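Here are a few notes to read alongside the model. Have a look at it first, then go through the points.

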Amino acid sequence: MSFPETGKVFPNGRAGDEKFAKLVANVLCRALGERSSAIKVVARWTGAGERTVKNWFVAKNAPSGDHFLELVRHCPDMLDEFLAAAGQKERLAGVSVRAARLALVTSILALDKLMETEDGDAKLR
């Protein structure tokens, strides 16, 4: 008696899974593909095994939900590509605006500290 192979390979005809696997592979290769340690880095990020991560890089398999969340956490391009593929580019603009606002507020606070005199008054206000 032989047992069927188990694993997360795509059944034939599931284009959505293949499309997602290609999206993940493209982003990983673009973000980390040139590094010799890319597989180990992604395995460390996600907690997945190196063989699993290698399969992501060649689009043989796609990451599970938990692994995908870790990829997004460590590789912002992953979220950008995912939202673009889902037709949600306007959400990217919102994320960019929030990041820009935070950078501006941080810069203004730093400038305010530089401009304060010893008694706490601002020179140029």
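1. Let's start at Arg73, which counts as exposed because its relative accessibility is 58% (buried is under 20% relative accessible area, exposed over 50%, partly exposed in between, with a 1.4 Å probe and protein chains only). Its partner in a salt bridge is Glu70, with the closest N and O atoms 3.0 Å apart; the term means a side-chain nitrogen of Lys or Arg within 4 Å of a carboxyl oxygen of Asp or Glu. Glu70 is partly exposed, at 21%.

2. A word on the source: this is a predicted model, where local features need pLDDT of at least 70 and side-chain atom pairs count only at pLDDT 80 or more, while totals for chains, interfaces and linings use all residues. Residues are numbered from 1 along each chain as its sequence is written, and side-chain values use heavy atoms, leaving out hydrogens and water.

3. The salt-bridge count is three. Arg30 pairs with Glu81, the closest N and O atoms being 3.3 Å apart. That one links distant parts of the chain, from helix 1 (residues 15–32) to helix 5 (residues 76–85), 51 residues apart. Helices here are DSSP runs (H or I, at least four residues), numbered from the N terminus.

4. Arg30 is exposed at 52% relative accessibility, whereas Glu81 is partly exposed at 32%.

5. Lys40 forms a salt bridge with Glu50, with 3.4 Å between the closest N and O atoms. Lys40 sits in helix 2 and Glu50 in helix 3 (residues 50–57), ten residues apart. Lys40 is partly exposed at 48%, and Glu50 is partly exposed at 37%.

Methods: Helix = DSSP H or I, 4+ residues; strand = E, 2+ residues; numbered from the N terminus.
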